[in-house]
Amino acid sequence: MYFSGIKEKLRFSNYKYNIVTEIEKGFIDRGYLYLEANPFEEYEQIVIEQRVNPEKLVKLVDPQGKIKVLSSDITSGLIEDIKRQWSEGLEIKVFYRDRVYKIKDDNIKIFEKLGVECFGNFSYDVDLEILSMAHEVLNKFSDNFLIEVGMSSIVYYMLDSLELKKNEREVLINSISNKDSYEIRKILKQMEDNEGVEFFYNIFNYRGNIIEVKKELEKFNLPKYLIKSLCSLEKNFIELEKKGIVDNFYFDLSFIPEFNYYSAFSFRGYFEDYNGEIIKGGRYILNSTEEDLVVPGVGFSIEVADLIKHLGGKLI
Amino acid sequence: MTLSIAIPKGRLGAQVIKVLNSVNLYKDIVDNSSRKLVFFKNDENIVFNMVKNADVTTYVEEKVFDIGFTGMDMVMENKPNVYILDRLNIGVCKLSIAALSNNKDFKDKRLIRVATSYPTISKDYFKDKGIDINIMNLNGSVELAPVLGLSDVIVDIVETGNTLRENGLEVVEDMYEISCALIANKISYKFKRKEIDEFINNFKSGGAYEG
């Protein structure tokens, strides 16, 4: 960002500081504690887990010759710390304010993130708390916003049933993300009719009212854990309705987030008058075969730069 | 909520307007013979905007317009972060590789010189095939490049093939089928889904969909 003078830079920095502090106050009031994330990730681990496109990572070599990555995603950094020091039965609620680094347009770009995570709790109450908190944050700044909720774990499960080649799978995922029904039909036409093919032919119809979508999905042979996740999300939507805020939420099964680690629902928050994503979040499971560890997590992050751009100097 | 729509100027736009005129709701709103660039349908809060075909993807991606009609070649070249809601059966053509009829030896070259207005598509296509190329980026009259010795081949849109033939060129390989696409800004589509779906359904009744 360019500033014409130090006074302008100071004014902007303090404006941003006040906005961020105001949001953090809301997190603290709900009992969330501040945690600093590890700025480095293991390159090999990211490649194995296929969490993110390696071309987008900012790599560096440590004195031992090992390739490290400057944090590309705060949640992953937190997960690494949590994994090492986790003990059975622990439940922690944290918030963070940190930076992530990515390669974009052949340059290193820095993104400032502010967010919350809750580890060690599988219950739907926590999901509801996180969805409500995301709603609170957006509602602080505008009346006209939307939280899009998806369940990419169902999409990935159905994708596995198609037995596609790696590149076909990528094309299909991209086509779903782009709502490109023409390209989807082109891929499916070459395949024999089965449950998966029927699912993807209708992928853009599974949106809107989650109760109706859930009924539609009953004809597919989904495993118990996915049905449980869907029921839990349905319960959350009913609660959001009781709170009178459900109109700001929209369920769309064709919404697939950039990171594929979400084990149940995931969501994005947008303002009507801003061309970008302000909030990103969802539920995931931290697995570690070495330590025989399974830790559930749920949370969201706020794109600070986008939020500030949207506000354009407006006070809360 | 106002719905803003980008229509490309030129041949493709003329075909889009023809379909619009065949739908009662949108009949005689956009006047292709006028020099005006903005047309309003006040009763439904729709604004039609005439822009250059090459700029439609930028306007829609940047949320200046909610949806837009443009050639699939522009979508493939500019790779905008937009939804591609559907393809229409207008503006149908092919993106092809063409060379001088008397020059078939270019395939043996280690580095093929390609003249095109589609550098991204060309780079991706030849990379997938493992062929090294040198791109000559041109903005028009691409057919001249092999004739004047600037390139070995061209990558360009081919409709009838008449322009190629008249310049002594012929198609060596068809790369992609191209037609008009209807694209939408990702945020606009989330907030104006009802309005956009309604417009698409009405437009569909004009019979321009590939299905």
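In this predicted model, strand β11 of chain A supplies four residues, the largest share, to the lining of the largest cavity. Strands (E, at least two residues) and helices (H or I, at least four) are DSSP runs numbered from the N terminus. A cavity is a set of points, on a 1 Å grid over the protein atoms alone, where a 1.4 Å probe fits but cannot get out, and lining residues have an atom within 4 Å of a point. The count comes to one cavity of 30 Å³ or more, and the largest holds about 170 Å³ of space; volume here is the space filled by probe spheres set on the points, which are joined across faces, edges and corners.

Of the 19 lining residues, A:Asp73, A:Thr75, A:Tyr261, A:Tyr262 and A:Ser301 are the closest to the cavity centre. Two or more residues each come from α3 (74-85), β5 (92-104), β6 (107-119), β10 (262-271), β11 (279-288) and β12 (293-303) of chain A.

Chain B contains an open, mixed sheet of six strands in the order β2-β3-β1-β4-β11-β5, where two strands pair if DSSP finds at least two bridges between them. Its edge strands, pairing on one side only, are β2 (38-41) and β5 (82-87) of chain B. Within chain B, strands β1 (residues 3-8) and β3 (residues 46-51) run parallel and are joined by six bridges; B:Leu3 has B:Ile46 of β3 as its bridge partner.

Residues are numbered from 1 along each chain as its sequence is written, and chains are lettered from A in the order in which they are written. Local features need pLDDT of at least 70, side-chain atom pairs count only at pLDDT 80 or more, and totals for chains, interfaces and linings use all residues, while side-chain values use heavy atoms, without hydrogens and water.

Terms used:
On a 1 Å grid over the protein atoms alone, a cavity is a set of points where a 1.4 Å probe fits but cannot get out, and a pocket is an open set with protein on both sides within 12 Å along at least five of seven lines; lining residues have an atom within 4 Å of a point.
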